[in-house]
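Visitor: I am new to protein models and would like to learn how to read one feature at a time. Could you take me through this one slowly?

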Amino acid sequence: MGFLYEGEDIGRYIEIRDGRETFVVTRETIRDVKVVPTDIVLPDHWKGKAFYRLRMDFDIFGTLIPKHYTSDGASIPRLFWSLYPPVGRYLLAAFLHDWKLDQRHGWDESNRAFDEAMRHIGIVRRRHWVIMRSVQLNGWVQSTFFGDPK
């Protein structure tokens, strides 16, 4: 588990072994995060979706997301995963979005936080637009048909 910084080769990185530290992500440092230390929680059956569990605390833009918090990544329909996988450089943004939803901040605030995080990460405009619309559509479907906040 470690973090790679721009301009450094793969042989040099910061390693955090004990998990007692919190990695603070600011608008200035979010582009430097190359690896998010997570465990993959596999589904019970082949149609299920994998989940990603944080191995350490992350403070993202002043929002502390605790170690062991679990997210399903970005809510992108499976049909488009080959072009837009549910995880990637925007995994931290997805963790922030899901955490805000779980804390009952609502879809609007959670989507704004996701949008802002993706902008600071530097996601290309077209990819950003597609991922945002996918997350918004999923939110509408979940809340309209299932009454589910997430």
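Guide: Let us begin with a term that we shall need at once: a salt bridge is a side-chain nitrogen of Lys or Arg within 4 Å of a carboxyl oxygen of Asp or Glu. Please keep in mind that what you see is a predicted model.

Visitor: Which side chain meets Lys100 in a salt bridge?

Guide: In general, side chains of opposite charge can pair when their charged atoms come close. Here Lys100 meets the side chain of Glu109, with 3.4 Å from N to O. The two partners can also be read by their accessibility, where buried means under 20% relative accessible area and partly exposed lies between that and 50%. Lys100 counts as buried because its relative accessibility is 11%, whereas Glu109, at 29%, counts as partly exposed.

Visitor: How many salt bridges does the count come to?

Guide: The count comes to 4 salt bridges, and two others deserve a careful look. One of them joins the side chains of Arg55 and Asp39, at 2.8 Å from N to O. Since Arg55 lies in the loop between strand E5 (51-54) and E6, while Asp39 belongs to strand E4 (residues 38-41), the pair ties together parts that are 16 residues apart in sequence. Arg55 is partly exposed, at 32% relative accessibility, and Asp39 is partly exposed too, with a relative accessible area of 28%.

Visitor: And which residues form the other one?

Guide: That salt bridge brings together the side chains of Asp72 and Lys49, at 3.7 Å from N to O. The pair links distant parts of the chain, 23 residues apart, with Asp72 in the loop between E8 and H1 and Lys49 in the loop between E4 and E5. Asp72 is buried, with a relative accessible area of 16%, but Lys49, at 22%, counts as partly exposed.

Visitor: Let us turn to the helices. How many of the 12 residues of H1 are buried?

Guide: In H1, 11 of the 12 residues are buried, so this helix is largely enclosed by the rest of the structure. Among the buried ones are Leu91, Phe95, His97, Asp98 and Trp99.

Visitor: What do the buried residues of H2 pack against?

Guide: They pack against helix H1 (91-102) and helix H3 (125-146), and they include Trp107, Phe114, Asp115 and Met118. Helix H2 itself, residues 107-121, reaches 21 Å from its first C-alpha to its last, close to the 21 Å expected for its 15 residues. From helix H3 we may pick out His128, which counts as buried at 7% relative accessibility. Apart from neighbours within four places in sequence, His128 is in contact with Asp115, Met118, Arg119 and Ile123.

Visitor: Where is Phe61 found, and what is its phi?

Guide: Most residues other than glycine have a negative phi. Phe61, although not a glycine, has a positive phi of about 55°, and it is found in the loop between strand E6 (57-60) and strand E7 (63-65). Phe61 counts as buried, at 17% relative accessibility. His68, again not a glycine, has a positive phi of about 80°, and its place is the loop between E7 and strand E8 (70-71).

Key. Residues numbered from 1 in each chain as written. Predicted model: local features only at pLDDT ≥ 70, side-chain atom pairs only at ≥ 80, totals over all residues. Heavy atoms only, no water. Helix = DSSP H or I, 4+ residues; strand = E, 2+ residues; numbered from the N terminus. Expected span 1.5 Å × (residues − 1). Buried < 20%, exposed > 50% of the residue type's maximum accessible area, 1.4 Å probe, protein only. Contact = heavy atoms within 4.5 Å.
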